[in-house]
Amino acid sequence: MGADAKTAMKVEMTDAAAKRIARIVSGEPGKTALRVSVEGGGCSGFSYKFDLVAGANDDDVAIERDGATVLIDDLSLVYMGGSVIDFVDDLMGQSFQIRNPNAVASCGCGTSFSI
């Protein structure tokens, strides 16, 4: 895989997301990371799934920042390459949001998208 392909597959997390993930994981005994995956379904075709997990699988890519770890499997990474994982706390509530440059449409709550 060339340098351009590796850059396109990269996923980042914001400082706010890292702080929130570290806080959540520290309160869950035996859990070490947040897994983000892409599944078929949702109102726009694909949806994001978030799970707390105890460790990485062989096909996971780990994104680490400020003591927080996000795991993404190879297949999900294909759909999420170039994305930024953020944590938003606003009048509408608190939620993880993924800014995905591959998505051509998404639902209002930001949990499903289409390519």
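**Contacts, sheet and helices of the predicted chain**

Leaving out residues up to four places away in sequence, Arg65 touches Met13, Thr14, Asp15 and Ala18. The model is a predicted one, and the positions described here are those of that model. Arg65 belongs to strand β4, which covers residues 60–65. With a relative accessibility of 34%, Arg65 counts as partly exposed. Along the chain, Arg65 and Thr14 are 51 residues apart, and their C-alpha atoms are separated by 8.5 Å.

The chain as a whole contains 3 helices and 9 strands. Read from the N terminus, the order of elements is α-β-α-β-β-β-β-α-β-β-β-β. The chain has 115 residues, of which 36% count as buried. When contacts between residues at least 6 apart in sequence are considered, 51% of them join residues at least 24 apart.

Two further residues illustrate contacts and distances of this kind. Met9 is part of helix α1, residues 3–9. Its relative accessible area is 24%, so Met9 is partly exposed. The C-alpha atoms of Met9 and Gly81 are separated by 3.8 Å, although the two residues are 72 residues apart along the chain. Ser76 is located in helix α3, which spans residues 74–80. Ser76 counts as buried because its relative accessibility is 2%, and the cut-off for a buried residue is under 20%. Apart from neighbours within four places in sequence, Ser76 is in contact with Val36, Ser37 and Val38.

Strands β1, β6 and β7 form an open sheet of 3 strands, in the order β1-β6-β7 and with mixed pairing. The edges of this sheet are β1 (12–13) and β7 (93–99); each has a single partner strand, so one side of each is left without a neighbour in the sheet. The pairing between β6, residues 84–90, and β7 is antiparallel and extends over 7 bridges. These two strands make up a hairpin, with 2 residues between them. Within the pair, Ile85 is placed opposite Ile98 in β7, and Phe87 is placed opposite Phe96, also in β7. In a regular strand, side chains alternate between the two faces of the sheet.

Helix α2, made up of residues 15–26, lies across β1, β6 and β7 and runs at about 80° to β6. The helix has 12 residues, and the distance from its first C-alpha to its last is 17 Å, close to the 16 Å expected at 1.5 Å a residue. Buried residues in α2 are Ala17, Ala18, Ile21 and Val25. Viewed down the axis of α2, the buried residues fall within an arc of 100°, so they line one face of the helix. An α-helix has 3.6 residues a turn, so residues three or four places apart point the same way. On the face of α2 that is turned away from the buried side, the exposed residues are Lys19, Arg23 and Ser26. Ala18, one of the buried residues of α2, is also among the residues that Arg65 touches.

Key. Residues numbered from 1 in each chain as written. Predicted model: local features only at pLDDT ≥ 70, side-chain atom pairs only at ≥ 80, totals over all residues. Heavy atoms only, no water. Pairing = 2+ DSSP bridges. Helix = DSSP H or I, 4+ residues; strand = E, 2+ residues; numbered from the N terminus. Contact = heavy atoms within 4.5 Å. Axes fitted to C-alpha atoms, helices over the stretch in contact; angles between N-to-C directions. Expected span 1.5 Å × (residues − 1). Buried < 20%, exposed > 50% of the residue type's maximum accessible area, 1.4 Å probe, protein only. Arc of directions from axis to C-beta.
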